[in-house]
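Here is a short briefing to read alongside the sequence and the 3D view. Please keep both open as you go.

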Amino acid sequence: MLALRRKPSGGAVYTRTDLDVTALTTDSIQDPGLAVGSPRGGAVTIDGSKFLWVVEGEDRARVWDLATANDMTDVSGVQDETTVNWQTALGSSANQETPSGLMILDDMKTFYLFSRTADNVTKFVYSTALDYDGTTPTYDSHIAVGGDGFTSSSAIWVPEDETGFYIAYNGTIGEYAMSTAGDLTTATLTRTQSISGAWGIWFQPDLSVCWVHDRTTKRIEEYSLSTPGNISTMSLSSSYTYTSNSSAMYGLTVTTDMQALVFDSTSDEIVVIS
């Protein structure tokens, strides 16, 4: 299934190809060559030009410019890399130290970030798409989710209409609704679903299919939802087992060209599954 998204500047249209787990055949390890301090998640912009890796031990993200769209083999060395520290930029009220989960919406300006220190999901917005290292974003809102059981290295996913968000942590998926779209202060937990080993989640845009990273079995699992967006209606349809010797695998990011990315916080590496 193809879903079109429009770039805000220049009018370019990008095609997001939804992940087909049955078509996955290979996985490879990409090593940026840096001891970056326990990466727990990341995101690739919809145009494929930038990869952001959230680094727990450094309270910041590293930003790589990808010479070829979505080509993760370009993530090597510091020559393409800058860093941004959202905790410094947004101030302590945003509580964004030790980030683990990251979601960039298709406008390439709106970010949602999970902090494993504060157990908060925070939204902030850049004024210019893709200008992450040269400007300071604007803090929008945040919500504490630790009381709901989502702590430590949770991963998040947010739909484009910002009517809610989904979170994965240690075998539990949470579904939140925002009564005012995009305002995290209006978010409430709607339901939870137990999925063994779940440490990352990603959805098809129409919410009828989602993918879960099961780090226990080293699998990317595909689920259909008989009621789109309602995680209580999830049904496993297929899976792909990737290769890794690490037990500290986190997150799940899906690029526009059907690559699944998971993150090894022990070896500071990315497993690219395609």
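This is a predicted model: local features need pLDDT of at least 70, side-chain atom pairs count only at pLDDT 80 or more; totals for chains, interfaces and linings use all residues.

Residues are numbered from 1 along each chain as its sequence is written, and side-chain values use heavy atoms, with hydrogens and water left out.

**Overall picture**

- The protein's secondary structure amounts to one helix and 22 strands; helices (H or I, at least four residues) and strands (E, at least two) are DSSP runs, numbered from the N terminus.
- Of its 274 residues, 57% count as buried, where buried means under 20% relative accessible area, exposed over 50%, and partly exposed in between (1.4 Å probe, protein chains only).
- Among contacts with a separation of 6 or more, 48% are between residues 24 or more positions apart; a contact means heavy atoms within 4.5 Å.
- Carbon and sulfur atoms hold 45% of the accessible surface, which totals about 10,000 Å² (Shrake-Rupley method, 1.4 Å probe; for residues, only the protein chains shown count as cover).

**Around Ser-100**

- Ser-100 sits in strand S8 (residues 99–104), and it counts as buried because its relative accessibility is 1%.
- Beyond its neighbours within four places in sequence, Ser-100 touches several residues, including Arg-40, Val-54, Phe-114 and Ser-152.
- The side chain of Ser-100 also reaches the backbone oxygen of Ser-154, at 3.0 Å.
- Arg-60 is 40 residues from Ser-100 along the chain, and their C-alpha atoms are 9.7 Å apart.

**Positive phi angles**

- As background, most residues other than glycine have a negative phi.
- Met-108, which is not a glycine, has a positive phi near 60°; Met-108 is placed in the loop between S8 and strand S9 (110–115) and is buried, with a relative accessible area of 0%.
- Ser-152 is not a glycine either, and its phi is positive at about 50°. Ser-152 belongs to the loop between strand S11 (138–144) and strand S12 (155–157) and is buried at 19% relative accessible area.
- Asp-119 takes a positive phi near 55° in the hairpin of S9 and S10, where four residues lie between the strands.

- Two strands pair if DSSP finds at least two bridges between them.
- S9 and S10 run antiparallel and are joined by six bridges; Phe-114 has Val-121 in S10 as its bridge partner.
- S10 also pairs with S11 in the antiparallel sense, over six bridges, and the partner of Lys-123 in S11 is Ser-141.
- Why is S10 (residues 120–125) largely enclosed by the rest of the structure? Five of its six residues are buried, so the strand has that enclosed setting.

**The sheet from S16 to S19**

- Four strands form an open sheet in the order S16-S17-S18-S19, with antiparallel pairing.
- Strand S16 (198–203) and strand S19 (234–241) are at the edges with a single partner strand each, so one side of each has no neighbour in the sheet.
- Neighbouring strands of this sheet are turned by 25° against each other on average, direction ignored (axes are lines fitted to C-alpha atoms, for helices over the stretch in contact, and angles run from 0 to 180 degrees between N-to-C directions).
- Seven bridges join strand S18 (residues 219–225) to S19 in an antiparallel arrangement, and Arg-219 has Thr-241 in S19 as its bridge partner.

Notes. A polar contact is a pair of N or O atoms within 3.5 Å; within protein, one must be able to donate a hydrogen and the other to accept it, and residues adjacent in sequence count only if both atoms are side-chain atoms.
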